[in-house]
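Hi,

Here's the structure I said I'd pass on.

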Amino acid sequence: MVVRVGALVALGVMVVVGFALGWASSPASRVPPTLQVPSFTAQSGQSPGAPAAAPRATLLPADCADVVTGTVDAAALLGQPTGSVGVRTVLGVPSPSVGLVERMSCGYQRGQGAPVLQLGLAAFSDAPTAEKQRVRNVAAERGDTRAATPVSLGDARAVLLTQPSRSLLMVAYDRYTVTASLAHGVVPDVQVGPVLADLVRRVLPTLAPTAVPAPVPAGPAH
């Protein structure tokens with residue numbers, strides 16, 4: 001596992017395997033109204049004006065400093081003084097059993113304390129596999145979750161989970177999953193959903209489309 005300490009933005013995915021899928025698809029009568037947030041277009045998967053992901057040889061960025069698009073950094077999103085929030089990048093390992101190809105996490109913290117914001121990114125073999133993992137992740141959080149609110153986020157599938165000490169926005173888009181975790185008290189309660197949604201919208205353009213070089217065909221044997 002490779003660990004880097006950076007200085008700005010990012011995203012991560014804590015892939016949780018296990019638990020039943022039933023709770024994540026509970027009847028509509030038990031699900032609160034959808035939280036509406038600004039969405040991106042289905043064609044681009046980007047927020048307005050956001051640049052496309054630069055071509056690279058990996059599905060995910062290699063550093064949290066490259067995860068978030070735009071000029072707003074993590075400190076600004078959290079209403080903190082400029083430069084007061086640092087980020088720690090952790091690159092994970094694949095997990096073939098669940099179709100996980102790449103993963104990384106970003107921990108944002110003020111000073112030497114515990115991260116107040118954590119982002120997890122994961123790339124899977126295909127879109128259905130990514131969505132199945134998101135459903136498993138949501139189900140795995142059932143015991144600590146007090147409320148689950150579907151979030152309208154363009155073509156992405158997303159739900160906001162409210163827990164005693166944090167809020168989680170779990171998202172699946174194309175072959176990727178994004179999990180954003182925000183500690184309570186960092187921003188006003190009414191701003192938690194919009195802040196996490198805005199953050200994820202800034203991350204999605206760095207994930208897709210991604211240009212991965214095609215393998216070079218082997219030459220004829222001599």
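Predicted model: local features only at pLDDT ≥ 70, side-chain atom pairs only at ≥ 80, totals over all residues.

Residues are numbered from 1 along each chain as its sequence is written, and side-chain values use heavy atoms, with hydrogens and water left out.

Back to the strands. (Helices, H or I with at least four residues, and strands, E with at least two, are DSSP runs numbered from the N terminus; two strands pair if DSSP finds at least two bridges between them.) Strand β6 (residues 147-153) and β7 run antiparallel, joined by seven bridges. They make a hairpin with two residues between them, and G154 in that turn has a positive phi of about 60°.

On to the next neighbour: β7 is also antiparallel to strand β8 (residues 166-173), with six bridges joining them. R157, for instance, has A172 in β8 as its bridge partner. Three residues make the link in the hairpin from β7 to β8. Five of the seven residues of β7 (residues 156-162) are buried, so the strand is largely enclosed by the rest of the structure. By buried I mean under 20% relative accessible area, with exposed being over 50% and partly exposed in between (1.4 Å probe, protein chains only).

Now the core. A nonpolar core here is a set of buried Ala, Val, Leu, Ile, Met, Phe, Trp, Tyr and Cys residues joined through side-chain atoms within 4.5 Å. The largest one has 43 residues, and Y108, L117 and L169 have the most contacts inside it. Helix α3 (residues 192-203) gives the largest share of this core, seven residues. Leaving out residues up to four places away in sequence, L169 touches V151, V159, L196 and V200, among others; contact means heavy atoms within 4.5 Å.

Finally, there's one disulfide, that is, a pair of cysteine sulfur atoms within 2.5 Å. It joins C64 to C106, with S to S at 1.9 Å. C64 lies in the loop between β2 (35-36) and α1 (74-77) and C106 in strand β4 (residues 100-110), so the pair ties together parts that are 42 residues apart in sequence. The torsion about the S-S bond of C64 and C106 is about -95°, so this disulfide is left-handed. C64 is buried at 0% relative accessible area, and C106 counts as buried at 2%.

Cheers
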